[in-house]
Amino acid sequence: MVVKGIIKKGEYYDSVTLMLVARDATKLDGVEDAAVVMGTGQNKSILETSGMLLDMFKDATDSDLLIAVKAKDERTAEEAFAKIDEMLKAKRAKTQEAGEYMPKSLEGALEFMPDANMVIISVAGKYAGDEAMKALEHGLHVMLFSDNVPLEKEIELKKYARDNGLLVMGPDCGTAIINGAPLCFANVVNRGKIGIVAASGTGLQEVSSVITNEGAGISQAIGTGGRDVKKDVGGIMFIEGMKALEEDPETNYIVLVSKPPHPEVLEKVANLIKSEIKKPVVGIFLGGDPDVVKSAGAIPASTLEEAGLIAASLAKGKSLDDFKKLLEEREKEILEIADRESKNKKDGQKFVRGLYTGGTLCDEAMLLSRKIIGEVYGNAPLNPEFKLKDSWISQENTFVDLGEDEFTVGRPHPMIDFTLRNKKILEEAKDPSVAVILLDVVLGYGSNMTPGDELAPAIKEAREIAKKDGRNITFVCSITGTDKDPQDRKKVKKQLEDAGAIVMPSNAAAAKLASYIVKNLGGAR
Amino acid sequence: MRKISDLFKQELKVINIGLLSFKESLDDVGVKVIQVDWRPPAGGDEEVMDALKKLLGK
């Protein structure tokens, strides 16, 4: 085995492009591992952990491209370099082919598009804050996808934005829908009268998808980033977002989505609802006390699905009993499927393994499961006592969020790259105590474009592994997305069902089904 | 004074700094978007960047 490297000075590519090239390079014959990264400090330490930090890389800077290959011999490594070079050239050619002008700076872009009104920033966190401030100073709204932006910088940006009538969505804001346009990781939804302010990315995606799937639509969906509703930032953008929706004549209903905000922020939100917001407000603060939402005069929801259904009922002019009936029917169906699926299990099969790509979806699933089967283990559990000793090794009932840092260092997010989760699915299938594998699939722009093609074979293979051992594993999936998404919800649903999975209408329904099966099998705590 | 809600009445026009895939998604749905060919300032050398910031009074 040899480790070889090359440096390309001053050659810059974005991180997702590079990670996808590295992933394809790792699949080449005779290549055990490959890294294609910019020479940042963090990337160098990743290379070090994987034994690929060659001496030649040590003085490289953020703008140098580092390529390292661990291969069976020198010739294979050289061939891999040539292939990687080809892949990178192909990526670059794709951009150049379009013949589009690419300015070097924000100022250059503004000369070309003087009436631009939104800047999306996804460069490394240490640079992103400065770029965002520059955009605000030019009077532009900002969507800040980057994370690792210092807290002080976030506060500075948001105060400036508030004083100047501008939006700062993020940092670490993965999704928003502005004027019908899906930004970053967002679904293609119906346009309509429901406005959303969300401090949780996949929460926003689930609610906006449920609303669309129910035949209602979204006016605006504003993301704030999770840190906005914490004490230090004080909910600056959450509050400004609510005010903007109140002023917007195209918005008739407002949905608030978040994990429980800091009490001081919650008080500000409640006061605003009481004093300034005249439009009906639906609130889902996952894991929070619904009475607080209620006492502020808003309609509380207990799940993301319920928030979407309430808003859709309001928008369609139906009574609130309407969504309750629908949920009661769904609950009945969940119990029936759970009974059926509990009957085909072998002795000893009694636990669920939730393998999540969406952080909020994982949280919601744990909250719902806790009520049915008690505490579950995880890498980010609700109860810290249930934190897995090793995030890679599940025990009893386990829900892992594969989007957490320990799984994503050096590879694309699991919503984009299914390799890691597919591997985990096969591992879990070998465990004789596993009865249910619970999966979320998040569609929309930014996510994997062929989730059915990539996930269905893993489900089939896992079911085969279990079958050889006389076991039957129930796969329960939820799909966050719509039929208008580029992946097409209907198509993905069929692919997963053909592979033997049960596809539920929401994340909440999927989590409940998985938990009831476990309860029937005696796997509850 | 400018308000956030004014944005909702305008056609969205986007400048994208970073991941190219975000620009491609917007192209796909017909939103006007321009990509910045971004590189780390000062070649990613933090000392030079800090010096530049001082020179520019930031």
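These legends go with close-up views of a predicted model. Local features need pLDDT of at least 70, side-chain atom pairs count only at pLDDT 80 or more, and totals for chains, interfaces and linings use all residues. Residues are numbered from 1 along each chain as its sequence is written, while chains are lettered from A and ligands numbered from 1 in the order in which they are written.

**View 1. Six strands of chain A form an open sheet with parallel pairing.** Reading across the sheet, the order is β15-β16-β14-β17-β18-β19. At the edges stand β15 (377–378) and β19 (502–504) of chain A, each with a single partner strand, so one side of each has no neighbour in the sheet. Strands are DSSP runs of E with at least two residues, helices are runs of H or I with at least four, and both are numbered from the N terminus. Two strands pair if DSSP finds at least two bridges between them.

**View 2. Here are β14 and β17 of chain A, a parallel pair.** Five bridges join β14 (residues 351–356) and β17 (residues 434–442). Look for Phe351(A), which stands opposite Val434(A) in β17(A). In general, strands of a sheet pair through backbone hydrogen bonds.

**View 3. Helix α6 of chain A spans residues 151–163.** Its 13 residues reach 18 Å from the first C-alpha to the last, close to the 18 Å expected at 1.5 Å a residue (the expected span is 1.5 Å times one less than the number of residues). Which residues of α6(A) are buried? They are Glu154(A), Leu157(A), Lys158(A) and Ala161(A). Seen down the axis of α6(A), these buried residues fall within an arc of 95 degrees, so they line one face of the helix; the arc is that of the directions from the helix axis to the C-beta atoms. The face turned away from the buried side carries the exposed residues Glu152(A) and Asp163(A). A residue is buried if 20 or more other C-beta atoms lie within 10 Å of its own, exposed if 12 or fewer, and partly exposed in between, with C-beta atoms placed from the backbone. Just after α6(A), you can find Gly165(A) with a positive phi of about 65 degrees.

**View 4. Chain B meets chain A.** In contact are 34 residues of chain B and 46 residues of chain A, meaning that their C-beta atoms, placed from the backbone, lie within 7 Å. Strand β4 (residues 118–121) of chain A pairs with β1(B) in the parallel sense over four bridges. In β1(B), Ile15(B) is the bridge partner of Val119(A).

Methods:
Two residues are in contact if their C-beta atoms, placed from the backbone, lie within 7 Å.
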